[in-house]
Amino acid sequence: VRITKASVERACGYACQALAVEPDAPLIFVERLLIYKGAPYTLQHGYARFEPESPIVEMMLDTTLLTGFLLAEELTSFKKGEIRLLPTTLDRHEAQLLGGKPGDLAFKLENIFYDFNDQPTAFGCFLINPEKLPLIGRVGVWEE
């Protein structure tokens with residue numbers, strides 16, 4: 001895992017809506033590149049409400065956060081979360097980090113986590129090349 005950026009940024013666009021904050025509110029932003037077998041595998045963007053007394057910064061830097069949530073391991077800082085799988089294309093910056101070209105197709109695994117007051121507190125996404133994580137569905141009776 002390589003953290004490519006960690007900063008405090010002003011809220012704009014969809015991050016305002018997802019985290020229910022006013023435009024220009026300070027947000028913590030973390031971007032990291034996950035490497036698998038020596039090659040870029042996924043790019044993760046994460047935003048969180050800027051709350052200095054909260055352990056959110058440490059949690060955002062923890063690579064096991066989403067894995068732990070999906071596997072129902074004990075997480076004490078979030079009550080619940082939502083994930084959405086969406087199609088997207090890579091912009092120039094994303095393509096450069098992932099070793100692709102601008103406009104390449106990707107899966108976007110978007111996530112929103114809520115605190116114990118049901119307020120959205122962290123929002124982000126993982127961008128994944130469909131060749132590295134193909135979605136395969138099966139119908140009918142499989143004898144395995």
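Here is a friendly conversation about a predicted model of one protein chain.

Me: Let's begin with the overview. What makes up the secondary structure of the protein chain?
Reply: The chain has 4 helices and 6 strands. Following the sequence, they come in the pattern β-α-β-β-α-α-β-α-β-β.

Me: How many residues are there in the protein chain, and what share of them is buried?
Reply: There are 144 residues, and 35% of them are buried. To count as buried, a residue needs a relative accessible area under 20%. As for the surface, the chain exposes about 9100 Å², with carbon and sulfur atoms supplying 55% of it.

Me: Why is Lys-5 called partly exposed?
Reply: Its relative accessible area is 38%. Partly exposed covers the range between the buried limit of 20% and the exposed limit of 50%, so Lys-5, at 38%, belongs there. Glu-9 is also called partly exposed, because its value is 22%.

Me: What makes the contact between Lys-5 and Glu-9 a salt bridge?
Reply: Their side chains meet at 2.9 Å, N to O. The cut-off is 4 Å between a side-chain nitrogen of Lys or Arg and a carboxyl oxygen of Asp or Glu, so this pair qualifies. A search of the whole structure finds 6 salt bridges.

Me: Which parts does the salt bridge between Lys-80 and Asp-118 tie together?
Reply: The closest N and O atoms of Lys-80 and Asp-118 are 3.4 Å apart. Lys-80 lies in strand β4 (residues 80–89) and Asp-118 in the loop between β5 and β6, so the pair ties together parts that are 38 residues apart in sequence. Both residues are partly exposed, Lys-80 at 37% and Asp-118 at 35%. Lys-79 joins Lys-80 and Asp-118 in a network of salt bridges.

Me: Now for the inside. Which residues form the largest nonpolar core?
Reply: This core has 11 residues, among them Ala-11, Cys-16, Leu-19, Ile-112, Tyr-114 and Phe-123. Helix α1 (13–19) and strand β5 (105–114) each supply at least two of its residues, and the largest share, 4 residues, comes from α1. Ala-15 is also in this core; leaving out residues up to four places away in sequence, Ala-15 touches Val-21, Leu-27, Tyr-47 and Phe-123. A second, separate core of 9 residues includes Leu-43, Ala-95, Leu-97 and Cys-125.

Me: Why might nonpolar side chains be found together like this?
Reply: In soluble globular proteins, nonpolar side chains tend to be buried together.

Me: What makes β2 and β3 a pair of strands?
Reply: At least two bridges are needed, and β2 (residues 26–36) and β3 (residues 39–49) have 10, so they count as paired, in the antiparallel sense. Ile-28 stands opposite Ala-48 in β3. The two strands form a hairpin with 2 residues between them, and Lys-37 in the turn has a positive phi of about 50 degrees.

Me: How do you know that β3 also pairs with β6?
Reply: With 7 bridges joining them, β3 and β6 (residues 120–128) pass the limit of at least two, so they pair, running antiparallel. Here His-45 stands opposite Cys-125 in β6.

Definitions and conventions: Residues numbered from 1 in each chain as written. Predicted model: local features only at pLDDT ≥ 70, side-chain atom pairs only at ≥ 80, totals over all residues. Heavy atoms only, no water. Core = buried A, V, L, I, M, F, W, Y, C linked by side-chain atoms within 4.5 Å. Buried < 20%, exposed > 50% of the residue type's maximum accessible area, 1.4 Å probe, protein only. Contact = heavy atoms within 4.5 Å. Areas by Shrake-Rupley, 256 points an atom, 1.4 Å probe, with all protein chains shown as cover.
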